[in-house]
Protein chains: 2
Amino acid sequence: MRCLIPAAGRGSRLARVAEPKPLAPLLGVPLVERVIRTAARAGVREFCVTLGHRAGSLRRHLGQLAGRLGVAIRCVDNPDWEAGNGTSVLAARACLGEGPFLILMADHLVDECTVRALVRRAEAPDVPDLLLAVDTDLSNPLVDREDVTRVRLEGGRITAIGKGLEGAHGYDTGAFLAGPALYAAVERAWRGGGDASLTGAVRELAAEGRAAALDLRREVAADAFWIDVDDPAALRRAEEALVGRLRGKATDGPVSRWLNRPLSIRLTRQLARLPVTPNQLTLATFALGCLAAAVLALPGHLALATGGLLAQASSVLDGCDGELARLRLEESDFGGWLDAVLDRYADGFLLAGLTWHVYAASGAAAHLLLGLLAVTGSFALSYTADKYDGLMRARFGRGGTWRLGRDVRVFIVFVGALLDTALAALALVAALMNAEVVRRIWVARQAAAAA
Amino acid sequence: MRCLIPAAGRGSRLARVAEPKPLAPLLGVPLVERVIRTAARAGVREFCVTLGHRAGSLRRHLGQLAGRLGVAIRCVDNPDWEAGNGTSVLAARACLGEGPFLILMADHLVDECTVRALVRRAEAPDVPDLLLAVDTDLSNPLVDREDVTRVRLEGGRITAIGKGLEGAHGYDTGAFLAGPALYAAVERAWRGGGDASLTGAVRELAAEGRAAALDLRREVAADAFWIDVDDPAALRRAEEALVGRLRGKATDGPVSRWLNRPLSIRLTRQLARLPVTPNQLTLATFALGCLAAAVLALPGHLALATGGLLAQASSVLDGCDGELARLRLEESDFGGWLDAVLDRYADGFLLAGLTWHVYAASGAAAHLLLGLLAVTGSFALSYTADKYDGLMRARFGRGGTWRLGRDVRVFIVFVGALLDTALAALALVAALMNAEVVRRIWVARQAAAAA
């Protein structure tokens, strides 16, 4: 499956932010890179990008991106780009071949599921000559009503398309599946009618009853996201919307859900503007955890309280790496795994710091034993998490709300440190973690007996 | 897929061991239970067992077994059992129905893969009227040449079958796939020829060219196991063979491979005679590990050496639960998981015991920190094992020979304790475990970059 991305235009309304427009950064990732990352995640491996205005910098960026994503990106010069974006289809014809292909606008962001739905239609029998993803939610707050291209529909076909259209049923999302019939349609609209836009070509096909619509709301997902980023205001709206779509993970525990996650999402929004990668954030979070452990180990309430505060701060920051990766479409298995492994070290160090604080004050060996139980129970809890979460998903389709994990553990240390009750916090962690491991063994045993 | 198990006969040669013969225990599991467990693992869910001699005790055992395995086992009385085992086919006709069915002898043990191969043939087009799994390895040392039923083959068909057969090409393994044509064949052989044995019925079908052979060596597996257990000598041979087939796991480290596993297999062979379950062994191993930790923590070289010896003993015993489960066909996900979780606790306790031994003698807080690093590194190593083993399998098709894990860790503690160099052992564990975690992170990062 090949994918055409027309990226030749000027995008004058975003010129203050970036030139050419496809390189305008949204939460640290250029628009065209977002489009390509989204399509690559939906399984698309070959891209043709048409260049016109300021082709050089775009070509360099795409060359690097292809290497990073392991996809093929061919850049095609479109000498006629100033006539309209339909000319890009003709310029890319040799690169696209004679099979069906996708078209994604460089400035229209869509969801991975929308691209997948178009690809699926290309693999099914009876591929339409043109299939346009249409947003039938006429009150979508992300749509700029002044500027959006509207469509009229009848029985799944597009009957009319245009910017000022009256009585429209939906909006053009800029994501298409097209067949080779589109080449002739562009020719006709351009040479015949003087309209070299893609919209003109769609209008040609619609007049012949050959332009179908994919209903975004009914055929893809009721909450599918898309936005046309034309000006700084739309860029802000898009940023707002993407951050707003960040949610906690299904396995978030109560402290994460109601305290850490709301804070970390706010923080991630700010971090997204900085040139920091998710893995760097993971390392910074770990360093903060180590610092918290060292401070916790010092004598006195002030050190204890400071260490507890730093520990809770690292627990909040611990959500940011994953959030940033999701915002930037950069999630990776390795990143998630590294985060989990370093969290285990930070867990051990934090509880060791707290244990030393208690032991140094009391000199009681029993307090070291308590610390050992807290560390061992915490590790065992993480070690059993995959199995337990899998069982919960299989039974309830989600994790439990009251899942006991790292968020609760660090929060107990935090509160215990503030209240100067380090020993009580340590004892509570040891008791809760180990009791929960025993409970999980029990749950797994019941599940095995029932299977 | 239904499975007939003729279990009506007397089995006089095993009468000293158990009556009826299908209940003769092999490594703690009755023969007929082994046959049913093997078939259940191959996906068979419905069994018809024909009863004759001493039906009562067999019926009770099968009733309990059906509940434990979650399969249906219908017991059918065979009033004609003394005439020959072919009569069991007729007695079970109502229970078996008119589709193809499996026949497994209650006293012939076969591998799961052999049953799977027969089931696959039943699901393919052109199901033969009879398909007998035939061992074409004429030098198979497990075969009792005095007593075995031999077959002559021609182009995949059985041309002759019988005990004293000259010029035979293979041995009857007692595992069949049969169709309803077998009912008439038994009738003909019994009423017509006076031979009510299954062999007689196969001979009838062979004469009509309707008896096919499944070549165990070429069509199933070159090392597929089977044995006919007729007398105490065969029972001993079977025990020997099953124990001999126990191997280490692909992820066994060097100490496990060359020290622990050879010892644990010897031990498991003895344990198999006792009424102990694999999960009970897991708990006993954990208890021994806790005891070792407590003894390690005591002052003096004698305590240290004893603790080290107990720790190494628990490391050897740690292999037995899995081996016993495999010998008894009782492996379970839960069992393996419980073993892993308790190993993590034992790990933490052992290293804590060693740490306390060192710290109590020196009073140096740095030694506690070293202990913390050893515990944390050990946990992190276990935590990263799944990921690392998966990467190694994907790259090399197996685990690395020099895999660093629990076996090496405990062995270092053992040697350090014997040599009275507890501090050096602790430092070595801390250094090795954490260095290996860092190496694994590096390996995972490289693999992610290459993907």
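Biologist: Is Leu329(B) buried or exposed?

Modeller: Bear in mind that this is a predicted model. Leu329(B) is found in the loop between α13 (320-327) and α14 (333-362) of chain B. Its relative accessibility is 17%, and a residue counts as buried under 20%. So the word for Leu329(B) is buried.

Biologist: What is phi of Leu329(B) near?

Modeller: Leu329(B) is a residue other than glycine, and its phi has a positive value. That phi is near 60 degrees.

Biologist: Good! Now to chain A: is Asp126(A) buried or exposed?

Modeller: Asp126(A) lies in the loop between α5 (112-123) and β8 (130-135) of chain A, and phi here is also a positive value, near 55 degrees. The relative accessibility of Asp126(A) is 73%, and exposed means over 50%. Therefore Asp126(A) counts as exposed.

Biologist: On to the rings: how many residues apart in sequence are the parts that Phe286(A) and Phe349(A) tie together?

Modeller: These two rings form a tilted aromatic pair, 6.5 Å centre to centre, with 40 degrees between the planes. Phe286(A) lies in helix α11 (residues 278-297) and Phe349(A) in helix α14 (residues 333-362), so the pair ties together parts of chain A that are apart in sequence by 63 residues.

Biologist: Which ring does the charged end of Arg191(A) sit over?

Modeller: The charged end of Arg191(A) is 4.0 Å from the centre of that ring. In chain B, the charged end of Arg191(B) sits over Trp190(B), 3.9 Å from the ring centre. For Arg191(A), the ring belongs to Trp190(A).

Technical notes: Residues numbered from 1 in each chain as written. Chains lettered and ligands numbered in written order. Predicted model: local features only at pLDDT ≥ 70, side-chain atom pairs only at ≥ 80, totals over all residues. Heavy atoms only, no water. Phe/Tyr/Trp six-rings, centres within 6.5 Å; stacked < 30°, edge-to-face > 60°. Helix = DSSP H or I, 4+ residues; strand = E, 2+ residues; numbered from the N terminus. Lys NZ or Arg CZ within 6 Å of the ring centre and 35° of its normal. Buried < 20%, exposed > 50% of the residue type's maximum accessible area, 1.4 Å probe, protein only.
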